[in-house]
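Have the model open beside you as you read.

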Amino acid sequence: MEYPHNLTVSERRWFDLIQQCRTSGKSDAQWMQEHEIKSPTFYYHVKQLRKKACDISKNSFSRQRNDVQEIVPLFMDEAPSVKSLIACIDNSTATGKHDLIIVLLAAELGLRSGDICRLKLSNIHWEHNTIEFIQFKTGVFNQLPLLENIKFALIDYLRVARPACNSELLFIGIKNNYQMISPSQMHSVVSKYFKVSGLDISKRKHGPHALRHSLASNLPDFSFRSATK
């Protein structure tokens, strides 16, 4: 098979996997479940390969059904409402650096607030560009891509904003003696920027769950979508 000249070995591997999926006669969700590949990881690579002008086939299964549509997940440059929320975060302050990571983890990777507050430094695998952890709610192992914008925001937060302490937790509180931040505090962080951004929240949820649900609603992986409820 001929590949675009600018693809790395890893990108060629993902190109082959995506093409296998799209020509399998199965839905993306079915194929990913059989191959134990996470939706955010799969669609991240679809997006990256399309940026390099790769010809990614549409799902043949989807074309046979009027009720299924191939949709790429919400990323910052494709989601005006989330983009405006991000723009309200003052990343020049320690608080802003802290809050930015929380919002990005919920909006771009779909992490639950209970998982965000329990993330440990050891869950970040810099050498593999992954975030790996056991989901608190389900007990299921989860591996997600460490997206470039999240990676650099994490480095900035760890170098400048995270309080110096011996805790393994990624996010810790100062007033509670460097213990875990609660899910309700995570909700308060995200909710604050929904309000500051001027988004209409009168008839919508406005915490981490809303960002997670926004991501899930744009994925044809129905098992992932139902898990957000």
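In what order do the three strands of the open sheet come? The order is β1-β2-β3, and the pairing is antiparallel. Strands here are DSSP runs of E with at least two residues, helices are runs of H or I with at least four, and both are numbered from the N terminus; two strands pair if DSSP finds at least two bridges between them. β1 (124–125) and β3 (141–145) sit at the edges with a single partner strand each, so one side of each has no neighbour in the sheet. β1 is joined to β2 (residues 130–134) by two bridges, and Ile124 has Ile131 in β2 as its bridge partner.

Before we go on, a word on the model: it is predicted, with local features needing pLDDT of at least 70 and side-chain atom pairs counting only at pLDDT 80 or more, while totals for chains, interfaces and linings use all residues. Residues are numbered from 1 along each chain as its sequence is written, and side-chain values use heavy atoms, leaving out hydrogens and water.

Now look at helix α1 (residues 9–22). Its buried residues (under 20% relative accessible area, 1.4 Å probe, protein chains only) include Trp14, Phe15, Leu17 and Ile18, along with Glu11 and Arg22.

Finally, find α6 (residues 94–109) and α9 (residues 183–196), whose axes, lines fitted to C-alpha atoms over the stretch in contact, come within 10 Å and cross at roughly 95°. That makes the two roughly perpendicular, a label for angles of 65 to 115 degrees. In the contact (heavy atoms within 4.5 Å), Thr95, His98, Asp99, Ile102 and Val103 of α6 meet Met186, Val189, Val190, Lys192 and Tyr193 of α9.

Methods
Buried < 20%, exposed > 50% of the residue type's maximum accessible area, 1.4 Å probe, protein only. Axes fitted to C-alpha atoms, helices over the stretch in contact; angles between N-to-C directions. Parallel < 35°, antiparallel > 145°, perpendicular 65-115°, else oblique.
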